Amino acid sequence: MTAAHWFLASLPVVALSVMFGGHLWGGAALLILILSRIWALRSVVTWWVVVVLYLVFGTWFSWQATQLSRRRYPVAQPQTVTTTLRVQPDSPVVYGSGYTVIGQKPSGERVLVHGTLRSAAELRRLTHLTRPTLWRISGQQAGLLAAPNFNQFDAAAYWGHRGIANTLKAGAMTIQPTTGHGLTWWQDNWHGLRSRLIQYCERLPGALRIYALGLFPGKRASDSPQELAGMQQLGLIHLFAISGLHVALVLAVAEWGLIHARLPREWWEWVLLLGLPGYAILAGGGSGVLRACWMRGFQLAGRRCHQSVSPLTAWTWALLVGLWVNPGLLFELGGQLSYGLSLALILLAAEPLHWREIGLTLLGLPSLLTGLFQWHSLTLLANWVVVPLFPTVLLPLTVIGTISARWWPEVATTCATGLATLDASLRRLASLPGNVAFGKPFWLVAWGWYLGTWWVLSRPPATCRRWLMGLLTSYLLAFGWIHWPLHGEVAYFDVGQGDSLLIREPFNRRVMLIDVGGRLAFPQPAWAPKTPVTYGAEKTSVAYLKSRGITRINDLYLTHHDADHIGDLPAILKNFQVDQVWASVGMVQEAAWQRTVAHYPGLKVTAVQVGTPGPLVVHHPFTVMPADNPGSLALQGTFGGLNFLFMGDLDQVGERKIMAAHPELRADVLKLGHHGSNTATSPEFVAQLRPRLAVISAGRHNRYGHPSPETIATLQQAQVPWVNTQQQGMIRYVYRGHHGTWQTKLNLEGDFRS
């Protein structure tokens, strides 16, 4: 079979992966398209290869899905377990006083463990492991929770692709060293080497530490999002372990050195071939690393067997191995960029440089829009400038700085300064006008763009420009559809134990947020490593708004000063233009609030109470009150034919004031006050409002017991159905005109309960 035939024969496996990934009809359509192309080849051998691959991979994918489902514990009911796990020394990831590790049970099942360190001694022990250990753990085990908000990164799917279905919250545990044998002994040594490499890189200065960790052991530093923000905005993040580009360079340098050492070719080729699996472990085993190692391994094996393996054939076999190891490979940004861009480099190798760069940009664009929701118009320029610098400047600086740090720290510091200068230049470039907040395209559209780009690149030069204009027109149409939608929505984010909700009118005429979520910041022990400040909203409301192409919030209502309602405000103000903030008079007068506002000059803040005109009707407070729960704002508005009442954390005393002032008040949808606590939602209040639906925003397994049994009993007695972010995740009402539908992200205990 030719390289092209092998390539086409592998594509039905890709379609099968799409079907098992949850897109049955999309995968089926892709399969039909691919089979029709293979039919045109009239090659019996190719057809037999397709049938065999399809049956083998179909059986494997089905078996893996069954095993994962069988192993998964209930998500909503954690169970107390005591188990023994084998943990590799490079597995622990420490953040502050918390940690996560991946451990393997005697049965072979792997589990994601998270826990809290209790002392500096435990921290030192965990961060200085060089040998595998046995952990005897007692704790709460549950299935991994799927992404609770629409368009949020799905960690459960990510780990599920790697055969991990459960998470274990560690309690009491003991750790003791262990030994391996046979293949385990070989793996243990490579994991031990990687652990030592990580510990060494962690001691490097400044930006050198981030680059060395990312390029050598394939570990993401905790502050890499801040340091590499410019690279990510410009779409250059593929230069790291995502693409595996550095692996190809390292292997090329190794071959060059072995050749010039005048060793017999058959010797050093066997050394490289046998060392590739170990190097894959040492480099972190990411999608890009494995793809690059497998491709080079197939080519070396072919050479040892006196067979020529073309780059396209090596890529095809690497894709099949990658899908065997990770059936969800092509649903992950790293897999898409690594395999997609490497395929483009192979198929566009004979094209002029400028056309190859355009092709790489267009082929990476659907993945970047799906994963990051934005694209910078200077990406093409940045690729032309930075990509050539990667093998000539960036990688050499990292290598020289890393090697010299132990003996010549001044050289390492100089290299760190050079890398930091490059980072600063990229951040300045990314800050220039041109960042396009595109939003998240529908997955089928993104796959269509990817296939369409290949179609355009394969056209004759005379017609290529016309097809290219058609492709760009489709991007403009998708941009318009995302930014000026025909529908509006009222969405209650799942922010854990907190509140945050979005009101968006059709065509995005007005975008409003009520509260932004947040969490209480517990002080870290003095011995805990310092971690960058992060906000939960970045993963929830910020991600969702960006996926909708939203860059501007017209009105931001803050009901009161509790951290679980306004703690993530800096994340909102950093990522969006906010026209106006509405807060109670009592909150505006607080010294803490005034200190906060001082950090954002030009921010327009309006103090409100009952009677203040605005886009939402204010029902509380009636007078100036402290901005605590009794002084919380209560807001009302009508959207999509339904009347919504948002109660913040208002208590029953405030409810009685509202009833006395508005005995005729009604509401179709009631967002319960104070997360369903028994301090709010009195039976009299519910009886007067006569809501058709109640919405509760509360964290899973929260320490307050929200929602309280008394509140649930009140709703049951009034025959009011309710939805709860604890069970349903994000809840949204999507409407056109005066009609709409309710949607929930999760369904752990039924959609609507009564």
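Helices here are DSSP runs (H or I, at least four residues), numbered from the N terminus.

I noted that this is a predicted model, in which local features need pLDDT of at least 70 and side-chain atom pairs count only at pLDDT 80 or more, while totals for chains, interfaces and linings use all residues. Residues are numbered from 1 along each chain as its sequence is written, and side-chain values use heavy atoms, with hydrogens and water left out.

I then read the geometry: α1 (residues 3-20) and α3 (residues 44-71) pack at an angle of about 30°, and their axes are 9 Å apart. Axes are lines fitted to C-alpha atoms, for helices over the stretch in contact, and angles run from 0 to 180 degrees between N-to-C directions.

Next I took α1 with helix α2 (residues 24-39), which pack at an angle of about 170° with axes 7 Å apart. That makes α1 roughly antiparallel to α2. I listed the residues in contact (heavy atoms within 4.5 Å), including Leu8, Leu11 and Val18 of α1 and Leu31, Ile34 and Arg37 of α2.

How values were computed
Helix = DSSP H or I, 4+ residues; strand = E, 2+ residues; numbered from the N terminus. Parallel < 35°, antiparallel > 145°, perpendicular 65-115°, else oblique.
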